[in-house]
Amino acid sequence: MKQRSLYRITVIVSMFVKFILQLYLFKKRNKNWDSVTNEKWTDLLKKQAIEYRDKSNSLGGLMIKVGQFLSTRGDIFPEAFINELDDLSDQVPPVPTEISMEILEEEWRRKKEDHLKMISSDPIASASIGEVYKGTLNNGTDVAVKIQRHNIDKIIHTDFKALKIVLWLSERFTSFGEKVNLKALHKEMVTTIGNELDYRKELKNGLEFRERFQDTESIYIPDFYEKLSTKRVLVMEWVEGAKVTNTEFLDKHRLNRKEIAEELYDFIFRHLLHHGTFHADPHQGNILVDENGRIIIIDFGMIGEIKRDDALHLRQMIQGFVLKDYPLVIGQLEKLGFLLPNTDKKKLQDTFKTLSEAYLEDSSGVSDEEKIEHVLGDVQEIIRKEPIQLPAQYAFLIRASSIATGVLTIVDPEIDFIELGKPIVREWVEETGQNDENIKYQVLKEAAKPLLEVPRNLNTWLEAPEHQRTSEEAREWHRFNHHRLLMGIAFSLSAFLISLVFVFLAVWTGSELMQITAGSAAIISLTTGILIFRKHKNWITEERKYK
C-alpha cells in the first residue's frame, strides 16, 4: 500500500495541510506572545517534527532524505523542529535478498556467479536508497556490493510530485513563501537527493578522492571496480576497520588519538579550502580506522563543492568586515546567492555593522573561543530572522562541519580547532590572492564614498515623478487583488462542497480509492479557501494604507 503513488501523495500532502492548519489556528488563538506562548509554540513544533519523523520511518523513500536535508536548513526552519530531525534514522527493513539479486543480474546482464564466488545471504547494511552486501570476486578479492532498493526511483519520483504540491501551496497561501525561495529549495533537493540515485556519480566522486589521496599514508580511500559498477550497482574494495569514534578500539591498539584527530581535521578542512570539495556526510559510520591508525573514508554519495569564485567572494566579504565596508559585505552575500529578492539591504547592513562593532571592538577580556561561539549564535539568529537563504552547498557545509566537529571531539576531547585552523586559513587567504594592493584600493574606495553617492542622490530626486506613477499603479493592483481573492474563496468553497458530495458517494458505494481521492480534495480545497481568506484579510489591511 505504501508504495502506491496516490496513497503516498495523499499521506504527505494531508500531513502538510494538517501542520499548516495547526500553526494557523495557534496564531489565531494566541494574539499576545509571551514566554508561556513561546513554550507552547515550541512544543507544537516538536510534536510536528516527531510526527514527520515517525511518518518518514514508516513510508521510507524520499521522506527520510528530505528530513535529513531539512535538518541542515537552520536558515529556514525553527531550531525546535530541526532538533527532532537530527536523529532521523536512515536504517530501514531490508528488501528480500532474491529481489536485490535480480536487480544485480539485471544491471550486469549476466548471472552473478560470472563475477562473484560468494555473496552474503543478507545485507550487512540497509538504508533508504541502497543496501550493502559482502561478496568475494572469482579471483578471491573481497568486495562490498551496494545495490539500489527495488522501485526506489519510482517511489522517490512520486514523493517529489507530492513535495512539489506542498511547496506550491506554501508559496501561494502562506507567508513562508515570502521568506524562502521555494523554487530554488525544490531544485536543490531534486539535485542533491537525485544524485544519490545514480551510483555512477558516487563512483566518480570516490575515484577523484582516491587519486587525490593516493600518496597520503594516513588517509586511505578504497578502490572501486568501474567495470562492475552501474547506475544501480556499486562495487568497491572491502575494508576492515572500526568506527573512528570507537574509543575502546583506539585504546586497545594504543593508537594516538590526538594524531588521528589532527589528520582527520586536516582531511576535512584543508581539502575543502584548497580543492573546493568536501565529504558532506562525515558521520562516524563513514569514517573508519584500522589497527595501524590509518583513516579509511567510505561512501561518497554526498559530496559538496565550493567554487573558486565563491571562495573569492567569501574573502572579499571578510575584507569588507575588516574595512567596515558593509555595502561590500552585502554585495558579496548577494553574489553568493544568500539574499532573497525582498531583502532589506539597508537593515541588514545596520545589523552586520552592530554585530561587527560589538565583537571586533570588544575589549572585555572574553576569550576568542567564547567570542566565536557568540558570533556564530548571533549570525544563526540573523539568518533565521532576515530573508537570507543559504544555497544548498553552504547548508551541507554547515551540517558537515557540525557532524565532523562532534566526531573529532569524541576522538580527542582536548582538540583545539582554532589552533589547527590558523595555518590552513592563512594558506587559503594567500592562495585566493589577498594582497596589500587590494587592501589599499578598498581603503581609497572607502574614502571616496561620499563623492560617489552624489550622482545616485541626484538621480533619485529626478525620478520622483516616476515613483508617483508607480504608486498609482500599486493602488490599481490592490483593487484587482480584491476581486481575484474573492473569486478564489468562492471557487475553493464550491470545490469543497463538490468534494463532500463525492465523499458521501464513495462511502455509500464502498469505494476506498474514491474515498481517499475525494477526502484529499475536500481537505485541500477547504484549506485553500481558509488560506485565501487569510490573504484577503491581509489585503484589506494593506488597502487602508492607500486611503
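Close-up 1. W41 counts as buried, with a relative accessibility of 16% (buried is under 20% relative accessible area, using a 1.4 Å probe and protein chains only). This is a predicted model, where local features need pLDDT of at least 70, side-chain atom pairs count only at pLDDT 80 or more, and totals for chains, interfaces and linings use all residues. Residues are numbered from 1 along each chain as its sequence is written, and side-chain values use heavy atoms, leaving out hydrogens and water. Eight aromatic pairs turn up in the structure (ring centres of Phe, Tyr or the six-membered ring of Trp within 6.5 Å; planes under 30 degrees apart are stacked, over 60 edge-to-face, the rest tilted). F26 and W41 make a tilted one, at 5.3 Å centre to centre and 50 degrees between the planes. Since F26 belongs to helix α1 (residues 5-29) and W41 to helix α2 (residues 35-59), the pair ties together parts that are 15 residues apart in sequence. Helices here are DSSP runs of H or I with at least four residues, strands are runs of E with at least two, and both are numbered from the N terminus. F26 is buried too, at 11% relative accessibility.

**Close-up 2. F209 meets F300.** These two rings form a tilted aromatic pair, 5.2 Å centre to centre with 45 degrees between the planes. F209 sits in helix α9 (residues 199-212) and F300 in the loop between β10 (295-297) and β11 (303-305), so the pair ties together parts that are 91 residues apart in sequence. Both F209 and F300 are buried. They also belong to one aromatic cluster, along with F213, F224 and F267.

**Close-up 3. R294 over Y220.** Here the charged end of R294 sits over the Y220 ring, 4.2 Å from the ring centre. For that label, NZ of Lys or CZ of Arg has to be within 6 Å of the ring centre and within 35 degrees of the ring normal.

**Close-up 4. α1 against α6.** Helix α1 packs on helix α6 (residues 152-173) at an angle of about 30 degrees, with the axes 9 Å apart (axes are lines fitted to C-alpha atoms over the stretch in contact, and angles run from 0 to 180 degrees between N-to-C directions). That makes the two helices roughly parallel, a label for angles under 35 degrees. On the α1 side, the contacting residues include I9, I12 and F16, and on the α6 side they include I155, A162 and L169 (contact means heavy atoms within 4.5 Å).

**Close-up 5. Helix α13 and what follows.** In α13 (residues 326-335), the buried residues are Y326, L328, V329, I330, Q332 and L333. After α13 comes G337, with a positive phi near 85 degrees.

Note on methods: Buried means under 20% relative accessible area, exposed over 50%, partly exposed in between (1.4 Å probe, protein chains only). Angles under 35 degrees count as roughly parallel, over 145 as roughly antiparallel, 65 to 115 as roughly perpendicular and the rest as oblique.
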